[in-house]
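Dear colleague,

Please find below the structure that I am handing over to you.

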Amino acid sequence: MRDVFHTDPPPDHDLAGPAPDPPGTVYPRGRTPRAVREAQMVAAAERLFSERGYEQVSIEDIASSAGVARGLVHHYFGGRKQVYIALLERIGTMREQQLPPPSGRSARARLADSVSRWLDWTEHNRTIWLAT
């Protein structure tokens, strides 16, 4: 059964990605779309996990940081583990988008290029990577 309050995300938006609209956007009927709320919760979790680590962050912390009720986090994700999985999916999507296919003629050159690009990406996204 379809949730009557569910708003489908835009076709090019993954639920764990950044919010599709800037902060302060006014939505119809005053309701923030589900995709935006989920993105806000994942972003809040990312900040908290990078500051304190997974074990030190609670659902209450995520909800408070995202400006939502604890029950909404449970409703959308089920629990802290599922929020963490959504964050990992977001990081994986970012990595795939930012790391083009390796270049080079030989397998060794492509491998070296892949490793180099991955290490550069990891260094550039150090906070996110360490949070996971």
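Leu119 is partly exposed, since its relative accessible area is 46%. Please bear in mind that this is a predicted model. Leu119 belongs to helix H5, which covers residues 107-124. Together with Leu111, Val115 and Trp118, Leu119 forms a nonpolar patch on the surface, and the four have about 370 Å² of accessible area together.

Beyond its neighbours within four places in sequence, Met41 is in contact with several residues, among them Ile62, Val68, Val73 and Phe77.

Charged side chains also deserve attention. Side chains of opposite charge can pair when their charged atoms come close. The count of salt bridges comes to five. One of them joins Glu38 to Arg34, with the closest N and O atoms 2.8 Å apart. Because these two residues are four apart in helix H1, about one helical turn separates Glu38 and Arg34. Glu38 is buried, at a relative accessible area of 4%, and Arg34 also counts as buried, at 15%.

Another salt bridge is formed by Glu60 and Arg70 (3.2 Å, N to O). This pair links distant parts of the chain, as Glu60 is in helix H2 and Arg70 in helix H3, ten residues apart. Glu60 counts as partly exposed at 41% relative accessibility, and Arg70 as partly exposed at 46%.

Yours sincerely

Notes: Residues are numbered from 1 along each chain as its sequence is written. This is a predicted model: local features need pLDDT of at least 70, side-chain atom pairs count only at pLDDT 80 or more; totals for chains, interfaces and linings use all residues. Side-chain values use heavy atoms; hydrogens and water are left out. Contact means heavy atoms within 4.5 Å. Patches are made of residues with over 30% relative accessible area and no salt bridge: like charges are joined within 9 Å, nonpolar side chains (Val, Leu, Ile, Met, Phe, Trp, Tyr) within 5 Å. Accessible areas come from the Shrake-Rupley method with a 1.4 Å probe; for residues, only the protein chains shown count as cover. A salt bridge is a side-chain nitrogen of Lys or Arg within 4 Å of a carboxyl oxygen of Asp or Glu. Buried means under 20% relative accessible area, exposed over 50%, partly exposed in between (1.4 Å probe, protein chains only).
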